[in-house]
Amino acid sequence: MLMINYRKIKNLKIGLNSANFIIIISLYFGFVLNIAVGQKFIQLAGANGDGFFAYFSPLLLSAAFAVIFSLFNIPYLRKPFFIFLVLTSAMTSYASYKYGVIFDYTMVENIFATNSGEAFSYLNLSAFLYTLLFGVVPAILITRIRFKKDYPLSIRFMHKLAVVFSALAIIACIYATSYKSYASVGRNNPYLNKMINPAYLYNSVKYINKTYFSAPLEYQVIGEDAQAIVPDNNKPSLIIVVVGETARSMNIHYNGYPRNTNPYTEHLNIISFKDVSSCGTATAHSLPCMFSNLGRSNYKKARANSQDNALDIIQRAGTSVLWVENDGGDKAVAKHLNKIEIQAADYPAYCAGGVCTDEVVLQAFAKNVVRDAQSNQLFALHIIGSHGPTYWKRYPQEQELFTPSCDRSDIENCSDQEIINVYDNTLA
């Protein structure tokens, strides 16, 4: 049966001229692969009491795509280009539609820095079927297209121009009738343009250019005058810095959250700094920032990577620093430090299924701490913490406090309470 279907697909031929191909692919991107943008636009416009114009947003997007895609309507280029575009856009469309992910520059940076284990945690049946239906199937259909050449080259060129000018006319008509409404929603919600699929392509090219084709900045040594303060008892200090992952302040019991998400430390007089903001929601962005001296508003990855960070300075001042990694990478923070990357094979008791719960970092700490050290020691323990979407893998099941929990990666199929329960379990 599979062989028969394969032969049918193999022998399938779709006759289409290049102008109609651009129209179809543009409509597909505007109405299908950008469904998250259309929904968000209708939602925001409706909240302002003027939502009718928003229903034209898929058509507006389609017209804009027709103009842009026409630039790639070139023989021998269009098929591989649009096959790649449809496949990757189906994946990003799923993430945007199901999880509200925005593929801006920071998210692209995070994707390139993601390890395979973290990437596979997002794979589930729902994502597979979505990508198959909206990515793989259209890509196969593109391979079966046979572009017609019934007309002379000059006529085919005029057809392409007609598509472009028709698209521009549609854009002009929509803007002429609804410019104020679109401008109002867009001005108050500037993130909308970052949601447009495939904006990730532009940001990917930008990231690759900055990372691999831009001249590195000259390295800057800072804090050369830093010195360790000798305590009154003249004894060395043992400092442990736990670098967390996706812990929300509002879910912390210390900060007023009604659930006790810190039962093991509630009587230790913990100090909680509440007026603090991360530099971003992506590890690749926020982690180097928090150890740099740049601050959230002035942070630039290139600058942070080309100068000393806080741990470099502490190490130079005479403290022995060790970075213990259990979250897929230090993002260049520990490039000058001694580092241990947790390997699941070395700790089978804590790493069922190749994913290690954070108790494992204490085992690495116990193996490497010098008990009779004559100088200061600092251990930076980078934990996987509350990293989703496989939240239930972040803690031993016997320590589960809040039930029922969402024990699956396609969390959109769980109730809100199940997601809250499993997330709070990771914190506890």
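Over the ring of which residue does the charged end of arginine 78 sit?

**View A. Arginine 78 and phenylalanine 147 in the predicted model.** The charged end of arginine 78 sits over the ring of phenylalanine 147, at 3.8 Å from the ring centre. Phenylalanine 147 also belongs to an aromatic cluster, together with Phe21, Phe29, Phe65, Phe69, Phe72, Phe81 and Phe82.

**View B. The aromatic pair of tyrosine 94 and tyrosine 99.** The structure contains 16 aromatic pairs. In the pair of tyrosine 94 and tyrosine 99, the ring centres are 6.0 Å apart and the planes lie at 90°, so the arrangement is edge-to-face. Tyrosine 94 is buried, with a relative accessible area of 5%, whereas tyrosine 99 is partly exposed, with a relative accessible area of 28%.

**View C. The aromatic pair of tyrosine 105 and tyrosine 207.** The rings of tyrosine 105 and tyrosine 207 form a tilted pair, with 6.1 Å from centre to centre and 55° between the planes. This pair connects distant parts of the chain, the two residues being 102 residues apart. Tyrosine 105 lies in helix α6 (residues 105–113), and tyrosine 207 lies in helix α11 (residues 199–212). Both tyrosine 105 and tyrosine 207 are buried.

**View D. Lysine 206 and the ring of tyrosine 105.** The charged end of lysine 206 sits over the ring of tyrosine 105, at 5.3 Å from the ring centre. The ring of tyrosine 105 thus takes part in this contact with lysine 206 and in the tilted pair with tyrosine 207.

Definitions and conventions. Residues numbered from 1 in each chain as written. Predicted model: local features only at pLDDT ≥ 70, side-chain atom pairs only at ≥ 80, totals over all residues. Heavy atoms only, no water. Phe/Tyr/Trp six-rings, centres within 6.5 Å; stacked < 30°, edge-to-face > 60°. Buried < 20%, exposed > 50% of the residue type's maximum accessible area, 1.4 Å probe, protein only. Helix = DSSP H or I, 4+ residues; strand = E, 2+ residues; numbered from the N terminus. Lys NZ or Arg CZ within 6 Å of the ring centre and 35° of its normal.
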